[in-house]
Structures are given as structure tokens and as C-alpha cells.
Amino acid sequence: MTKSSAQRCVHTLERLGYLHRDPQLKRWVLSTRSLCIANAYLTGHPLLEQATTHLVELNQATGESVSLSEPDDTDMVYIARFPSRKRFFIHMPVGHRLPMYCTAAGRAYLSALPEAEAHLILRRSVIRKFTPMTTTDPVRLLALIDAARKAGYAWGEQEAYRGDLTIGAAILGGDGRPIAAVNISGPTSRWTMDELRSKMSSVLLETARAASSGIGSR
């Protein structure tokens, strides 16, 4: 894009109210009006309408943070989050995205896909370490996805954020293909990975099944 084309685009977005000049940063930033685009997406979203009640119940039953995310290329994008009322220092706003390969939600989604599709997504992913615990070895990643396929849910231990333990399960559409994933996050100050899996996996799977059945019947 040429400089003049970029200037015209910025001028148009400013006139529409989506950009404004920040006097302190001395650059263009998004305005609050840009949230209208996200709001239009989330309002009336069939999955959110169906799943919200189940997600709130899961949040209350576990006392820990619960999130709903959808796939976008090789990432999972968070479209709903119900934070724990206990101390938890990870901020995960709606719209935040993380790679599938290093998240429980992403691995749960991958495990519900045909193996060939899951392998293709992994090959297209830019794999890097977010923490010293991030799994980056392709063979190990495939083994974790296969383990999630057998267990019905996936898990991750401090792979995207230090101190964060997560388990996730796929939500299936009417055709049986994964369309999203729900996950529970708990801090290492309250949980070990074994404890989180043993005490929370059954209620996580119940929530995923309830959300899936509702989507399938719509």
C-alpha cells in the first residue's frame, strides 16, 4: 500500500469514528466505536446463546475461570470468559487469541478433527515457546493431541502463561465436527495438573456435551 493510500484509509476511518489521534502516544489508535463491530458479532451468536448458561454453571461449580473460544486459522479466539472470584492474575479479554498447539482449548479442538486436518494445522502453525514449559516438539504435540482424543479432553501445564493450568473440551456442531472449545483455568497456587484433571474433567465434559447437544438441535 502506498503512503497516500494509507492516508486516505486512515482519514476515512477517522471520519467514521473508528480511529482517533492520541495526543500522548502521538499516533493513531482505535476508538471505542470499533467495539461495535465485535458487539455485532457477539450479539445473537447462536453458540453464545446456547452455551452461556452452561458456562456460568461451570464457573460457579468449579470456582475457577471458564472460557469459550472459537477457531480462526491456527489460533483459538476467546469469545466469552467468566473469571474466577478468587485471586487469579492472568487477564484474558474477549477477542484475545492464542495458538492451538499450546492451549488446552486448541488441542481439544484439534483432537476432535480428523487426524489429517489436525496435522495440517500443526504444520501451518508458527511454533515457538511462550514459557519454558511450552511443548514445541511436533512428535510430542501429536502425542498430546492423540491423548486428548482418547480422554475426550485436553490439558496444558503453564504452556501459554506461567502459573496457569488448563483443561479443555471441544464443542461439536450438528454434523459432529468441532466448532469451539470450553476450558477451565486454575493457578498453580491452588492446583496441580493431576488434581485439576481428576476433580474438574468430568464437569468440563458435561458442559461440553450440554453445549454440543443444544447446538445440534438448533
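In this predicted model, L204 touches L58, Y153, I167, G168, A169, V182, N183 and I184 when residues up to four places away in sequence are not counted, contact meaning heavy atoms within 4.5 Å. Of the 28 residues in the largest nonpolar core, L204 is one of those that touch the most other members, together with L68, I167 and V182; such a core is a set of buried Ala, Val, Leu, Ile, Met, Phe, Trp, Tyr and Cys residues joined through side-chain atoms within 4.5 Å, where buried means under 20% relative accessible area (1.4 Å probe, protein chains only). At least two residues of this core come from each of α3 (46-62), β3 (65-72), β4 (75-82), β7 (164-172), β8 (178-187) and α7 (193-217), and α7 gives the most, with seven residues. Helices (H or I, at least four residues) and strands (E, at least two) are DSSP runs, numbered from the N terminus. Another core, of 14 residues, lies apart from the largest one and has M76, M100, I121 and L141 among its members.

The protein contains seven helices and eight strands, and buried residues make up 45% of its 218 residues. Along the principal axes, the C-alpha trace spans about 55 × 40 × 35 Å.

S34 is placed in the loop between β2 (27-30) and α2 (35-42) and is buried, with a relative accessible area of 17%. A polar atom of the S34 side chain lies 2.7 Å from the backbone oxygen of S31.

Residues are numbered from 1 along each chain as its sequence is written. Because the model is predicted, local features need pLDDT of at least 70 and side-chain atom pairs count only at pLDDT 80 or more, while totals for chains, interfaces and linings use all residues, and side-chain values use heavy atoms, with hydrogens and water left out.

Terms used: Buried < 20%, exposed > 50% of the residue type's maximum accessible area, 1.4 Å probe, protein only. Polar contact = N/O pair within 3.5 Å; in protein donor to acceptor, adjacent residues only side chain to side chain.
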